[in-house]
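Please keep the structure open while you read.

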Amino acid sequence: MTLLHILDLLSTFVFALVGARVAADKGLDYGGIAFIAGIASVSGGTLRNIFLGLRPIWIIDPWIITSIIAAVVITLVFRRVTHVGKTLLIMDTFGLAVATMSGTQLSFEMDVTWFAAILLGVITAVTGGLLRDVLCQLEPVLLHRETIGTSAMMGAITFVALHQFSFGDNICAIVGGSVVILTRVVSIHFDLHLPKFSK
């Protein structure tokens, strides 16, 4: 497996697991849990591939579907319905970093502009979580706290900057992913967010 493929599998599993847990917490039935897990895990990569003129990876790669099924099965086997806590928050942050690097790296392999690579990296990372929250009737985290989009953008910019200095893809992905994680952790710890209009 290539690094890009491994990144896609990891982010798919993590986002599917978080999506399934959020759906279970909202009291959805098994079908709803599976549906939300699928939407949360493949929407970003699907949209990225459509913009790049590629077939969505879940159509041609059975391992992606296997990752989603595994996440759903784990959720159903461990039936405790608990609010999304620190463990899932950590996993979601890891998935955010992995998805950002996956989207940015694939964009560069398709020879797009640096600006498009950054945007596609962010789209890959945040789309699934946005749709997950909307379908579960939650206020989307992306739009009001935790600087998810900012974290993904900082990581994508780091990847692009290192790539311009001819660093290898592995180094770019590791450093860029670390920036995503660090940015989100700092923003949560210090309650940092983008400015808002006063009520």
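## How H6 and H7 cross

H6 and H7 are oblique to each other, because their axes cross at roughly 140° and only angles over 145 would count as roughly antiparallel. This is a predicted model, so please read the geometry with that in mind. Helix H6 covers residues 114-135 and helix H7 covers residues 148-164, and their axes come within 9 Å. The crossing of the pair is right-handed.

## Who meets whom

On the H6 side, the residues in contact are Trp114, Ala117, Ile118, Val122, Ala125 and Val126. Their partners in H7 are Ile148, Gly149, Ala152, Met153, Ala156, Ile157, Val160 and Gln164. Sorted by class, this contact between H6 and H7 holds 12 nonpolar residues and two polar ones, with no charged residues.

## The largest cavity

The largest cavity has a volume of about 140 Å³. Its lining has 19 residues, and those nearest the centre are Asp8, Thr12, Ser41, Val42 and Gly45.

Which helices each supply at least two residues of this lining? They are helix H1 (3-25), helix H2 (30-51), helix H3 (57-60) and H6. H2 gives the most, with eight residues. By class, the lining of the largest cavity has eight nonpolar, nine polar and two charged residues.

## The second largest cavity

The second largest cavity has a volume of about 120 Å³. It is lined by 13 residues, with Asp92, Ala125, Val126, Gly129 and Ile148 lying nearest its centre. Two or more lining residues come from each of helix H5 (86-109) and H6, and H6 gives the most, with six residues. The lining of the second largest cavity divides into eight nonpolar residues, one polar and four charged.

## Bringing the two views together

Ala125 and Val126 belong to the H6 side of the contact with H7, and both are listed among the residues nearest the centre of the second largest cavity. Ile148, from the H7 side of that contact, is also listed there.

H6 itself turns up in each part of this report. H6 crosses H7, supplies at least two residues to the lining of the largest cavity and gives the most to the lining of the second largest cavity.

Note on methods
Residues are numbered from 1 along each chain as its sequence is written. This is a predicted model: local features need pLDDT of at least 70, side-chain atom pairs count only at pLDDT 80 or more; totals for chains, interfaces and linings use all residues. Side-chain values use heavy atoms; hydrogens and water are left out. Axes are lines fitted to C-alpha atoms, for helices over the stretch in contact, and angles run from 0 to 180 degrees between N-to-C directions. Helices (H or I, at least four residues) and strands (E, at least two) are DSSP runs, numbered from the N terminus. Angles under 35 degrees count as roughly parallel, over 145 as roughly antiparallel, 65 to 115 as roughly perpendicular and the rest as oblique. A crossing is left-handed if the near helix is turned anticlockwise from the far one by less than a right angle, and right-handed if clockwise. Contact means heavy atoms within 4.5 Å. Ala, Val, Leu, Ile, Met, Phe, Trp, Tyr, Cys and Pro count as nonpolar, Asp, Glu, Lys and Arg as charged, and the others, Gly among them, as polar. On a 1 Å grid over the protein atoms alone, a cavity is a set of points where a 1.4 Å probe fits but cannot get out, and a pocket is an open set with protein on both sides within 12 Å along at least five of seven lines; lining residues have an atom within 4 Å of a point. Grid points are joined across faces, edges and corners, and a volume is the space filled by probe spheres set on the points.
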